[in-house]
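Here are my notes on the model. Please read them with the coordinates open.

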Amino acid sequence: MTKDKLKNNLRLFADNGINLVLISLLTGLFAGVVVTFYNILAHIGEETSVKLYSLLRDNPAFIPLLFLGLSAGAIVIGTFVRLVPMIRGSGIPQIEGAARGIIRFKWYVTMCSMFAASLACIFLGLSAGAEGPSLEIGGCAGEAVGRILKRNQMIRRLQIASGSSAGLAVAFNAPVTGLFFAMEEAFRSFSPQVFVCAGLSIVTALFTRNAIRPALGYGTGFTFDTFVFTDNFSFMYCVWIIPAAIICALAGAGFYYSVFALKKVFKKITFFKKAGKYLIPFLLAGAFGLVTAYAMGGGHSFIEAIGTHGTGEIEIEKVFGISVVLSLIIIVLFKFISGVLAMGCGVPCGVFIPMLAIGAGLGAVLSTAFKAAGMDPAFCDYFIIICMSVFFTTIVRAPVTGIVMVFELTGQFTNFLPVLIGVAIGYLVSMLFRVEPIYEKNLELFIEEEKLYENVRKERVCLAVQPNSKADGAKVRSIVWPTNGLVVEVVKADGATIVPDGEYTFDAGDALVFECETDSLEELYGYMYGIVGKPSETEENEKNQI
């Protein structure tokens, strides 16, 4: 390697490597601090809510005050959501859109609004998790770092994805789940840049989390340790797995279609400037919470409670003293209705863990039935976890995340094969019933409702690859391009024209023609300059739109 080439490589590493590393570490630090405190407050809010509802059950004369408070909370939060649409629902679709460059937002408004509104929902007793809001808050942290350091759109997009994956990892204490969610959902790209940035942010955020929590008297662990998996799993038990996976996948498809059916219904409810529709999920959540505490919060305690330690015996607090199976059915039904209403209405709360709780509850019901039909009780814990993963995968259509998440949340890896079988069945059922990824579908609806594509037009630009830029020496597939964009051709220095595939490697001097849908040509050029390098002033004056 020549001295000049070595110098160029070192400069490239400093510009595109070290700087990106430092920014990702800052994103992880910021996301780790904010999301850790958010989750601690969410935990306190959920515990306080459970105690309050328990007190009301013992003193029914005060129940009207509960529903009065829920009504007031519904109107206030509904108004909040109307003013800040970025916090509608869990916020996951919106932050995914921001990571792909589709949605622009003010990070401080979104972060503070989601922080306050979702905590209020948890405190009021809704079936609300902290994971979705944690993801959006983390994405806001990434956007904050990019904006404050005045980075281009490409870097900001990477930091939004990194921050959101760090937020999810902090909420679950599950680094690999956060990493795969960033690549499989947020960016839908397994780019090395996304991998490195998200990985660094996640590691920093988790170190931050695990430093803060013990200092405040909280534990650092987050695993469901009531599940025990036998090592001698036999293929004979596939006879139980297959029907269980099909039933849970069908329930997942039902959840999906119920959400979008309710969205149409809620659109017609317009009183109190559309805030009135929030009365329905809030008041029903209050009624469910008075029946059983398991209907409240995200569902961590419920999932933990139905683990059998490998014995097959489920012990939970019964509803009205009825049997365990009927109690499970009621709890699952309550969580299902609450989740559908929350997503259909757009309540600013997480439905990530509630979806897992629904799947786990279905698994508990099915494992009890199968045990009565002759299944070995030692496999009951398998079925609870398998059904949890299948239900999630069917709705979200993120199978890798669904599989990895199970390993991290249980701390055990012997369940890989049965979970893989279940997830594969769930994915096939979702394809059969044309279930689209629910966050992707919600993003499309958000874009449509907010009319974000009104000024979008197709643009085509031609740019030269500058020496030592990110594109110089990189393959097409390894670069994070603007959303909905495509490199349609490359003109070599000798005039030869190439239609590149994903394996094509750029050389300095190549002129690439890029086609993209955008509402800002200036922003598109800014993003592309971050990839191919900014030309000299003379070249800049000669650039032509093709």
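1. Helix 13 is mostly covered, with 17 of its 21 residues buried (under 20% relative accessible area; exposed is over 50%, partly exposed in between; 1.4 Å probe, protein chains only). Helices (H or I, at least four residues) and strands (E, at least two) are DSSP runs, numbered from the N terminus. This is a predicted model: local features need pLDDT of at least 70, side-chain atom pairs pLDDT 80 or more, while totals for chains, interfaces and linings use all residues. Residues count from 1 along each chain as its sequence is written, and side-chain values use heavy atoms, without hydrogens or water.

2. Helix 13 covers residues 352-372 and reaches 31 Å from first to last C-alpha. That is close to the expected 30 Å (1.5 Å times one less than the number of residues). Just after helix 13, Gly374 has a positive phi of about 120 degrees.

3. The rings of Trp481 and Phe506 sit 6.0 Å apart at their centres, with planes at 65 degrees, so the pair is edge-to-face. Rings of Phe, Tyr and Trp (its six-membered ring) pair if their centres lie within 6.5 Å; planes under 30 degrees apart are stacked, over 60 edge-to-face, the rest tilted. Both partners are buried: Trp481 at 14% relative accessibility, Phe506 at 0%.

4. Ring pairs link Trp481, Tyr504, Phe506 and Phe514 into a cluster. The aromatic pair count is 19.

5. Arg397 lies over the face of Tyr427, 4.6 Å from the ring centre (the rule: NZ of Lys or CZ of Arg within 6 Å of the centre and within 35 degrees of the ring normal).
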